[in-house]
Each structure stands twice: as structure tokens, then as C-alpha cells.
Amino acid sequence: MRTKILIALLTVSAGAALAAPMSIQVRTGKVRATPSQLGAVVATVDYGAKVQAGTPERGWYPVTTPDGKTGWLHESALSRKPIAMRAGTTDAATGVSSDEVALAGKGFNEQVEAKLRSEGKLDYTWVDRMAAFQVAADQIARFRTQGHLPGGAQ
Amino acid sequence: MNNRQLVVAMLALSLVAPVLFCGCEGVGEAGAEIARAAGVITADEAQSIKRGAQAVEKSWQDLTPEQEYYIGRAVVAQVLQSYPPLDRPQANGYLNLLGQSLAIFSERPETFGGYHFLLLDSDEINAFAAPGGLILVTPGMLRCCENEDELAAVLAHEICHVEKKHGLSAIKQGRLTEAFTIIASESAKQMGGEELAALTREFEGSVGDVVMTLTTSGYSRKQENSADAAAVALLRRAGYPEAAMVTMLQRMDERLADAGGLGFAKTHPSAQSRAEVLRKTVGDTESSPDAVRQQRFAAALQSVVARR
């Protein structure tokens with residue numbers, strides 16, 4: 001029993017020691033209760049915000065959000081590089097390296113899209129309508145169950 | 001040319017040489033640091049050379065999900081100029097339900113703006129995956145699918161192009177080097193009008209590269225085969241029969257022969273050759289389609305696939 005406790009303690013401390021800051025690289029990071037895309041969303045984290053990420057398991061990181069909530073984030077939503085937000089936003093960074101700035105969404109961003117829109121070169125009406133097609137997690141779960149789709153390994 | 005000019009010229013060459021000849025990194029940065037320490041160039045010049053070196057070393061793989069998102073949006077806006085959208089809420093709703101229920105089993109389930117699907121008003125047999133997860137499908141392509149499982153195979157293939165960032169890989173390196181140099185030289189400042197205009201030019205060029213590949217020149221056979229293999233794995237994880245990929249390709253092959261080499265046939269290796277590659281790993285035992293899946297597939301798409 002004592003050995004088991006020791007191993008458990010060592011595992012926890014190793015996990016804590018390995019926790020490192022990672023940045024959300026998608027518009028909204030969905031922190032889930034279980035390491036699954038069908039897991040319940042327990043918290044959302046905005047683009048550019050940092051979470052503390054532990055050791056990943058099959059593509060999922062156990063994370064702690066800035067306001068202390070815990071759950072799982074898929075690796076595709078996370079970046080090891082810091083994301084410096086643009087000047088004018090609430091999280092604006094100063095004195096960042098050019099590598100960080102490259103990750104700040106500068107470059108090919110909404111400023112460029114706004115310029116193209118204002119010049120009338122591209123019509124984004126249907127792009128916006130398409131991007132608004134949303135499917136909720138429970139709709140997906142129902143669609144899969146009703147369609148007798150086995151598995152669920154992610 | 002005096003010594004100082006010679007050093008600056010050599011450093012400038014050292015930025016490009018590693019990329020051209022050996023793919024090594026950081027030579028320009030190290031050289032700039034040595035020259036600065038030796039007092040040959042100023043700290044500002046060294047910084048500028050370092051930024052240039054970092055920009056030259058960057059490729060399409062360094063584009064962030066946010067940048068990929070904006071490229072993908074413009075790619076779709078441009079493709080829609082040639083292929084108008086098909087405004088059928090029920091069919092588009094089903095396409096998104098099926099597509100998004102597959103995308104969660106992708107190795108890249110999260111993109112900046114997520115996966116979204118739209119039907120195009122075209123009889124061509126075609127499908128396009130824009131960077132970031134915006135996927136377009138024609139009714140002509142739907143007609144190659146007899147059931148939900150086969151449509152899942154089509155969508156899985158397109159999702160895997162997004163997962164592997166095949167669209168971004170079509171962007172010419174010169175445009176990216178130029179864009180990353182503008183970004184780096186701007187440091188943390190807000191972009192000025194001149195830089196924005198220059199960057200917008202590179203953006204338009206990049207979007208043009210992707211659209212050209214999607215609609216005209218096509219991906220490499222290697223990229224198509226890798227998207228097929230990944231799609232089979234995705235179908236398996238999502239619970240759909242892998243054999244649907246092979247039966248869909250066979251059906252497409254027959255229809256493409258009738259279509260006379262337009263659309264998909266122009267930009268893809270023959271469906272027959274793709275099916276043969278897959279048959280080495282995928283059994284082609286056809287199972288009878290699930291009745292519920294068959295019913296919802298027909299209900300959602302019947303009016304769209306009916307020949308006009």
C-alpha cells in the first residue's frame with residue numbers, strides 16, 4: 001500500500017513538474033470533461049490565451065485554464081509558441097520577438113480580408129453563411145447513435 | 001566594393017544559400033551576430049539581417065491556423081465566383097451533420113474556424129477542400145455516392161486534405177518569404193498602408209496558387225494517395241465501412257468516363273488507379289447499407305441529385 005501511495009505521489013508530482021504553458025491557436029478552445037471530441041465542454045478559452053498543459057495522452061492534453069478550471073484539450077487546438085495578440089486588443093503584448101509576432105495573426109488576417117472586401121474583389125456573403133453552419137455535439141451523438149455507427153475511438 | 005559592403009553582401013547570400021543548397025538553419029543569424037560583434041555592421045543592420053533570415057527559413061508549414069483560416073475563406077470566395085453555391089438548407093444541413101461528425105475523428109479535429117460544408121450548383125463531378133476546413137461538394141459528386149457510407153468516404157478524403165494542409169503546400173515559397181519578411185520588419189507595430197497593400201498582394205497571390213491547384217492543376221498523386229489512405233483510417237475510427245471508399249471510387253470511375261474528363265478527372269489520378277492502390281489494404285466486401293443511414297441520405301439529398 002505504501003509503495004502504491006509513493007508511486008501515486010511520484011506520478012502526480014511528475015505530471016505537475018511537466019505542466020507547461022501552451023497557447024490556444026483556434027478561435028475558441030473547448031475544454032472537455034473527457035479526452036474525446038464528444039466529451040462535455042466544461043470551459044472555453046479564447047484564442048491566444050495560455051493554459052497549463054500536462055503530459056498528453058493519445059493527442060489530448062490535461063489542462064488548467066487561466067481561471068483554474070481543468071479538463072482536456074486536443075493537441076490541434078494548442079501551440080507551444082506564444083501567441084502575441086495584436087496591438088489594440090485587450091491582451092496586447094509589447095516587446096515580443098518577430099517569431100512571436102508571426103504567430104500573432106499578423107500577416108494574412110482580417111485587415112487583409114477587410115481590404116479585399118473594401119476593394120470589392122471578393123464577395124464573402126456565402127463564405128460567412130457557410131461558416132455559420134453549426135452542428136452541436138449532441139446532434140452529432142444522436143446522428144451517430146441513430147445511424148448505428150459503432151466505435152467512437154478518437 | 002569595400003570590406004563592409006562585402007560582408008553585408010556575403011551575409012545576405014548566406015540567408016538564401018542554406019535554403020537553396022543544404023536546408024541548414026540559422027547561418028544568416030549566426031553570421032549577423034559575428035559581424036555585429038566584430039563591429040563590421042551596426043546592431044540595427046544585424047537585427048534586420050536576422051529578421052530576414054527568419055523569414056527566408058519559414059515555409060507554408062509556419063502559417064498559423066489563423067492565417068490558414070483567412071486564406072481558406074478567400075479561396076472559397078474565389079471558387080464561388082466560378083461555381084455558385086446551392087442554397088438547399090436541408091441538403092446543406094445533412095452535409096454538415098455528416099461532415100462534422102466525421103471531422104471529429106480526424107487527426108486534426110480542431111482548426112481555427114472549424115469544418116463547414118457547402119453544396120455547389122454544378123453538374124461537374126467535383127469537390128474542393130479549402131485550407132482551414134471549408135469543403136465544397138457538387139451534386140455531380142453526390143451522384144457518385146449510392147449511400148451515406150460512400151458520401152462519408154468523399155467527405156473523409158476532403159477532410160484529410162485539410163488535415164494534411166495540402167492546400168497550403170500549393171503556395172509558392174517566394175510569396176511566403178515576401179509576406180514573412182513584411183511581417184517581421186513590422187515587428188510589433190500596427191501595419192501601415194504600404195505594408196498592408198504589399199501583404200494583400202502576397203495574400204491574393206497565395207490564394208490564387210491554392211485555387212489554381214484545386215480547380216486546374218490538382219495535387220500530386222502522392223498527396224491524393226495519402227489523403228485516400230488517411231480517409232480509410234478516418235472512416236474506420238468513425239465506424240463507417242472502409243470498403244465504401246473503394247466502391248465510391250469505382251462508381252466515380254464509371255461516371256467520370258461518361259463526363260469526358262471534366263472536373264474531378266482533370267485534377268485527380270484516375271479513380272480506378274486510386275481504388276487499386278486501396279485494394280491492397282482494404283477488403284472490398286460490400287455490406288448492405290444500414291437502413292436508417294440509407295433513409296436519411298435519400299431524404300436529405302433526393303431532390304438535389306435528381307437529374308435536372
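By class, which residues make up the lining of the largest pocket? The lining has 14 nonpolar, eight polar and six charged residues; here Ala, Val, Leu, Ile, Met, Phe, Trp, Tyr, Cys and Pro count as nonpolar, Asp, Glu, Lys and Arg as charged, and the others, Gly among them, as polar.

The model is predicted, so that local features need pLDDT of at least 70 and side-chain atom pairs count only at pLDDT 80 or more, while totals for chains, interfaces and linings use all residues. Residues are numbered from 1 along each chain as its sequence is written, chains are lettered from A and ligands numbered from 1 in the order in which they are written, and side-chain values use heavy atoms, with hydrogens and water left out.

Rolling a probe the size of a water molecule over the atoms shows where empty space is left. On a 1 Å grid over the protein atoms alone, a cavity is a set of points where a 1.4 Å probe fits but cannot get out, whereas a pocket is an open set with protein on both sides within 12 Å along at least five of seven lines; lining residues have an atom within 4 Å of a point. Grid points are joined across faces, edges and corners, and a volume is the space filled by probe spheres set on the points.

The largest pocket has a volume of about 590 Å³. Its lining comprises 28 residues, with Lys30(A), Gln134(A), Val135(A), Gln100(B) and Gly114(B) nearest the centre. Two or more lining residues come from each of strand S2 (28-32), helix H4 (125-131) and helix H5 (137-146) of chain A, and from each of helix H4 (65-82) and helix H5 (89-103) of chain B. Helices (H or I, at least four residues) and strands (E, at least two) are DSSP runs, numbered from the N terminus. S2(A) gives the most to this lining, with three residues.

H5(A) also holds buried residues (under 20% relative accessible area, with exposed over 50% and partly exposed in between; 1.4 Å probe, protein chains only), namely Ile140(A), Phe143(A) and Arg144(A). Seen down the axis of H5(A), these fall within an arc of 95 degrees (taken from the directions from the helix axis to the C-beta atoms), so they line one face of the helix. The buried residues of H5(A) pack against H5, helix H7 (148-163), helix H10 (221-238) and helix H14 (291-305) of chain B, where contact means heavy atoms within 4.5 Å.

In chain B, strand S3 (residues 134-137) is covered on both faces, with Leu134(B) and Leu136(B) buried on one side and Ile135(B) and Val137(B) buried on the other. Two strands pair if DSSP finds at least two bridges between them. S3(B) pairs with strand S1 (residues 116-119) of chain B in the parallel sense over four bridges, and Leu134(B) is the bridge partner of His116(B). With strand S2 (residues 127-130) of chain B, S3(B) pairs in the antiparallel sense over four bridges; Ala129(B) stands opposite Ile135(B). S2(B) and S3(B) form a hairpin with three residues between them, and Gly132(B) in the turn has a positive phi of about 90 degrees.

Four cavities of 30 Å³ or more are found in the whole structure.
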